[in-house]
Amino acid sequence: MKGSTLILFILLMQLILTSTIIRIASGNLNFWRQPTTWLYSTWVIGLILLSLPIYKFQEEFTIWSGSYICIALFAFPVGAIAATFLSPRKIKPALSVYKPTNTERLAFWILVGGIIGGLLNILNAYLGGGISMADRLDPQNAALVRALHMEGEESHIGPLFGPANAAYSIGGIGLIIHFIMKGSSSKQEDKTNKFSSMTAILFIVISGIYSVVFAGGRMTIVLYTILSLIAYSSAKRATGQKTFKIKSNPVAQLVVFIGIIITGTMIWFSSTTFLEKRTANAEPETLLYRTHRAKFAPEIQQFTTASKSVGYAIFSLSYASHPIPTLVFYSDLPGSRLPGPLWGQYSFPFLARYITRAFGTYDPNDWAESRATVFGPLQDINFGTNVWATLVRDLLVDFGFLGSIIFMMGLGFITQKLYISETQNPTVGDLTLLALMRLLLLFSGLNSLLYMSQYYYALHFAVVYWFFTNRKKKATNSVNQLGLER
């Protein structure tokens, strides 16, 4: 894609410059764990793919779209730098994680609620699916399962439908808190968490069944797996422990090796056979053009023509690159055709729902109408509309060019403050909210997670939990200080 190499170079220079400033200002913050590095990661990967002769997109970077992307992303580390300068000069390594009483019990009951909600969602999908369980388990029906899920999100279990969705989505918070507790606990404490661990595993299994068999998708499993790893490693780092001890542990090495083999096999299967069935055996290049407005470059067409599996695999790889051309498409639209500003109705449906109710203007179709407005420019030219388009695209249609830049700066400030807290005896609330923010940043160059129910229910719950744990920690510290003074 024309201009991608230049934009890649600029973003790398931004990352190096801002990371150096943050390190000088803070003393010893880790480059690989900095929020700025997480933000830039998928953008850099996407631009590398765009610079290689793999795809030929209809879009090309213009001076306007390239400048906007560079400025919008640069706003994030500017906010992070401000947060660093406003924090203590020297960052001391954390030695513990503040955990209020009954934290493990809280995680357990959230997971139980998530399990019940997941089972009710499975029941609702089954009652309204119109196909038997045997048909759902048949890989040949993957496309039908996906279509039924997209078209039939309505209640077949009465008033339980809403609470079931909420409980299932909040279950992710229980998963995060559980893995934070696992990562920060000692060996003796860890033995008491076995029952809670079984609950977490059961929640993951039910999420997998619902996601693959009843929703025809893979995203939920990906999100929960990454969240669990982020939460566990974050807690380990916060307590000064090594994340994975595998160098001198043959059993751990074997587990990692088997895990890599299984993960690789699952990725290949989901990117080829599963994808082929889910798209009703459509040709890879047809899918690429219809959904991503691109064709395979001549240099690799011989490989995609020779093997349909290779074609599907390279099409799947385009999910990491096509969001940026989609952002370019939107940022170069004339002002009259650019959707919005929608003032958060698309990215924050949960908040918009209750704000409009407070003002008496609530309409159940508000988000569907906002979604149609956002997809309108692509629908008008008969291309796929529900495509990944980066976090910045969604902020653009919600808040405009200037508003999206200000939002990114605020996001950088908040996330950096949470990261600094991670290095200074954090609370479970700090690590929970930081895990969700890191996930948002990791996907920022691919898609926005803000409007996804699995994410926004968890995010709003995490914000409330953050306030609770930090206030309780301050109260505990005040009591301890009073005791010392006496």
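Pro-341 sits in the loop between helix 16 (323-331) and helix 17, and the peptide bond that joins Gly-340 to Pro-341 is cis, with omega near 0 degrees. Helices here are DSSP runs of H or I with at least four residues, strands are E runs of at least two, and both are numbered from the N terminus. This is a predicted model, so local features need pLDDT of at least 70 and side-chain atom pairs count only at pLDDT 80 or more, while totals for chains, interfaces and linings use all residues. Residues are numbered from 1 along each chain as its sequence is written, and side-chain values use heavy atoms, with hydrogens and water left out.

**The whole chain**

- The protein has 21 helices and two strands.
- Of its 486 residues, 51% count as buried; buried means under 20% relative accessible area, exposed means over 50%, and partly exposed is in between (1.4 Å probe, protein chains only).
- The accessible surface comes to about 23400 Å², with 66% of that belonging to carbon and sulfur atoms. These areas come from the Shrake-Rupley method with a 1.4 Å probe, and for residues only the protein chains shown count as cover.
- Take the contacts with a separation of 6 or more: residues 24 or more positions apart account for 81% of them. Contact means heavy atoms within 4.5 Å.

**Helix 16 and what covers it**

- Helix 16 is mostly covered, with nine of its nine residues buried.
- Its buried residues are Pro-323, Ile-324, Pro-325, Thr-326, Leu-327, Val-328, Phe-329, Tyr-330 and Ser-331.
- The cover includes helix 2, strand 1 (55-57), helix 3 (63-85), helix 18 (366-379) and helix 19.
- Ser-318 is found in the loop between helix 15 (308-317) and helix 16, and it counts as buried at 0% relative accessibility.
- A polar atom of the Ser-318 side chain lies 2.4 Å from the backbone oxygen of Phe-315.
- Leaving aside residues up to four places away in sequence, Ser-318 touches Tyr-55, Leu-288, His-292 and Pro-323.

**Helix 2 and its two partners**

- Helix 2 (residues 35-51) packs against helix 16 at an angle of about 90 degrees, with their axes 9 Å apart. Axes are lines fitted to C-alpha atoms, for helices over the stretch in contact, and angles run from 0 to 180 degrees between N-to-C directions.
- That makes helix 2 roughly perpendicular to helix 16, a label for angles of 65 to 115 degrees; under 35 is roughly parallel, over 145 roughly antiparallel and the rest oblique.
- Trp-43, Gly-46, Leu-47 and Leu-50 of helix 2 make this contact with Ile-324, Pro-325 and Leu-327 of helix 16.
- By type, the residues of the contact of helix 2 with helix 16 split into six nonpolar, one polar and no charged. Ala, Val, Leu, Ile, Met, Phe, Trp, Tyr, Cys and Pro count as nonpolar, Asp, Glu, Lys and Arg as charged, and the others, Gly among them, as polar.
- Helix 2 also packs with helix 20 at an angle of about 30 degrees, with their axes 7 Å apart.
- Here the contact is made by Pro-35, Trp-38, Leu-39, Ser-41 and Thr-42 of helix 2, and by Arg-438, Leu-441 and Leu-442 of helix 20.
- The residues of the contact of helix 2 with helix 20 come out as five nonpolar, two polar and one charged.

**Positive phi**

- Thr-390 has a positive phi of about 70 degrees although it is not a glycine. Thr-390 is found in helix 19 (residues 390-422) and is buried, with a relative accessible area of 0%.
- Asn-425 is a residue other than glycine with a positive phi, near 50 degrees. Asn-425 lies in the loop between helix 19 and helix 20 (428-442) and is partly exposed, at 30% relative accessible area.
- In helix 17 (residues 349-358) itself, the buried residues are Pro-349, Phe-350, Ala-352 and Thr-356.

- Thr-239 lies in the loop between helix 10 (219-238) and helix 11 (250-271), and it is buried, with a relative accessible area of 15%.
- The backbone oxygen of Ala-235 is 3.0 Å from a polar atom of the Thr-239 side chain.
- Ala-82, found in helix 3, is partly exposed, with a relative accessible area of 32%.

How values were computed
A polar contact is a pair of N or O atoms within 3.5 Å; within protein, one must be able to donate a hydrogen and the other to accept it, and residues adjacent in sequence count only if both atoms are side-chain atoms.
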